Structure formats: structure tokens, C-alpha cells
Amino acid sequence: MWYWAFKYVFLGPLLRVLGRPRIEGLENIPDRGPAILASNHLAVMDSFFLPLMVNRRIYFLAKSEYFTGTGLKGRFQKWFFTAVGQIPIDRSGAQAAEGALISARRQLEKGELMGMYPEGTRSPDGRLFKGKTGLARIALDTGVPVIPVAMIGTNKFNPPGSVLPRPAKVTVKVGKPLDFARYEGMQGNRFIERAVTDEIMYELMQLTGQQYVDIYAASLKDKNKPAAQPPSASAA
């Protein structure tokens, strides 16, 4: 109930006024049945604008920190992200990736739409980064179609590090479904998973017009983190 209330009563109207969103290729998303919407990831608001423009409910995986906060703010944050269709996942530890894949499979088995970001994290500079193979594993295991989705302008509406949105035009482009039936029975082969992932990223590059970079976005973020400073003599 809260999902539809946010979409049509609370958050949706505000996003429509500030973002003036439009969608192209909506007919490529099926009216029923499971599918993976594979999107580039420019801003937090990607997970809000895409559901706003699609008539069906879309589920996303979100880091568990959004659901474990304390106090009034923590309770509100947990309620809010649950209400808008986010599924908490633990991104720490060796089993984190497998837990995320299991959560995604469960939704697809229910016939739902699953929104996923193959880059694994938001782009740090607006370019399109190398995709991780988890999405390909799910697609090969379940046999569901993968639909490429381009989010354009959300990084201007919600620049990295910003709290309040800035009026900017947002466009959602939906590509034609990708069918990987030719790889049936080959799931678990890391070379096939990489081939599927690269095909998805190529389609996203074509849809978004972004420059493609053959490194992981997380690697660049880690590289740009300031190094820890050694304690000074006075502190010692």
C-alpha cells in the first residue's frame, strides 16, 4: 500500500514537477512475468525515477545500513526504504554477494520485476564502468529476459554528495529485451558470465551515450579515497 501511496500521492508528484521525467521504450517492459531491468547507476534517485515511470512495481537491492539505523531517523529510514520496494542485503563478508543473488532470485520466482545495477555502485564521475557478473548469473540461472535501461540526467537532479534535489530534466530509455537462451546449461561458466555481462554493458553504453571505462567503479572509488595519515609526533 505504501509503495503506491508514495508513487502517486507523496513522492511521485514532487519528482514529476522537479525532474519533468519522460520515458522512451516503455513497451519493452512486459505487463506481467519476471524480468531483470539492468540499469546504469548515476544517483540514488535512479531507484525512484525508474519505478515512477513504470506501471509495475520494481524491487531493488539496497545496502542493509539503510534498515539498521537507530533513533527516529533510523526508524523513518527503514520504513521509507521498505515502503518504496527496497530489499536489504548485507554487503559485508564472504557470503554477501550470494545472499544478494538469492534475494533477487526469490523476487523473480514470484514473477516480479527486479531492478539491478551491474556496475555494483554509483558512477563516481558520470562514466559507465565495468559490469559485475552477478546479474548474468541470475539471468542464466532463471532464464528471465534482461532489459537494459538508461537513466539520463539523474546525476544533475541528485549530484553525488547532495542532500536536496536540484531541478533537472530526467529521461529514462528502455531498450529491447536481451535473450540469453543460447547459453542455456552454461551457467556457472565464468567466461560465459563475463560475455553476458559485457553484452549488457555494451547495450547500456549505446542507450546512455556514456563513455565506457573497463575498470570497476568501486576500484576507482577506493583509489580516490584519502590515505590514512600517520599520527603526528605531538599526538604520539
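Trainee: Is Asp-141 buried, partly exposed or exposed?

Mentor: Asp-141 is partly exposed, with a relative accessible area of 38%. Buried means under 20% relative accessible area, exposed means over 50%, and partly exposed is in between (1.4 Å probe, protein chains only). One caution: this is a predicted model, where local features need pLDDT of at least 70, side-chain atom pairs count only at pLDDT 80 or more, and totals for chains, interfaces and linings use all residues. Residues are numbered from 1 along each chain as its sequence is written, and side-chain values use heavy atoms, with hydrogens and water left out.

Trainee: What does the side chain of Asp-141 meet in a salt bridge?

Mentor: Arg-105, at 2.8 Å, N to O. A salt bridge here is a side-chain nitrogen of Lys or Arg within 4 Å of a carboxyl oxygen of Asp or Glu.

Trainee: Where do Arg-105 and Asp-141 lie?

Mentor: Arg-105 is in helix 4 (residues 96-109) and Asp-141 is in helix 5 (residues 134-142), so the pair ties together parts 36 residues apart in sequence. Helices (H or I, at least four residues) and strands (E, at least two) are DSSP runs, numbered from the N terminus. Arg-105 counts as buried, at 15% relative accessibility.

Trainee: How many salt bridges does the count come to?

Mentor: Five, by that rule. One of them joins Arg-22 to Glu-24, with the closest N and O atoms 2.4 Å apart. Arg-22 is partly exposed at 38% relative accessibility. Glu-24 is partly exposed too, at 30%.

Trainee: Which residue forms a salt bridge with Asp-198?

Mentor: Arg-194, with the closest N and O atoms 3.1 Å apart. Both residues lie in helix 7 (residues 190-208), four residues apart, about one turn of the helix. An α-helix has 3.6 residues a turn, so residues three or four places apart point the same way. Asp-198 is partly exposed at 34% relative accessibility, whereas Arg-194 counts as buried at 19%.

Trainee: Stay with helix 7. What span does it reach?

Mentor: Helix 7 has 19 residues and reaches 26 Å from its first C-alpha to its last. That is close to the 27 Å expected at 1.5 Å a residue. The expected span is 1.5 Å times one less than the number of residues.

Trainee: Which residues of helix 7 are buried?

Mentor: Ile-192, Glu-193, Arg-194, Val-196, Thr-197, Ile-200, Met-201, Leu-204 and Thr-208. The buried residues of helix 7 pack against strand 2 (35-39), strand 6 (128-129), helix 5, strand 7 (146-152) and strand 9 (212-213). Contact means heavy atoms within 4.5 Å.

Trainee: At roughly what angle do the axes of helix 5 and helix 7 cross?

Mentor: Roughly 105°, and the axes come within 8 Å. That makes helix 5 roughly perpendicular to helix 7. The contact is made by Leu-135, Ala-136, Arg-137 and Leu-140 of helix 5, and by Ile-192, Glu-193, Val-196, Thr-197 and Ile-200 of helix 7. Those residues divide into six nonpolar, one polar and two charged.

Trainee: And your conventions there?

Mentor: Axes are lines fitted to C-alpha atoms, for helices over the stretch in contact, and angles run from 0 to 180 degrees between N-to-C directions. Under 35 degrees counts as roughly parallel, over 145 as roughly antiparallel, 65 to 115 as roughly perpendicular, and the rest as oblique. Ala, Val, Leu, Ile, Met, Phe, Trp, Tyr, Cys and Pro count as nonpolar, Asp, Glu, Lys and Arg as charged, and the others, Gly among them, as polar.

Trainee: New topic. Where is Ile-87?

Mentor: Ile-87 is in strand 4 (residues 86-89). Ile-87 is buried, with a relative accessible area of 15%. Leaving aside residues up to four places away in sequence, Ile-87 touches Tyr-59, Phe-60, Leu-61, Ala-62, Phe-67, Ser-103, Gln-107 and Met-114.

Trainee: How many helices and strands does the chain have?

Mentor: Eight helices and nine strands. Buried residues make up 46% of the 236 residues in the chain.
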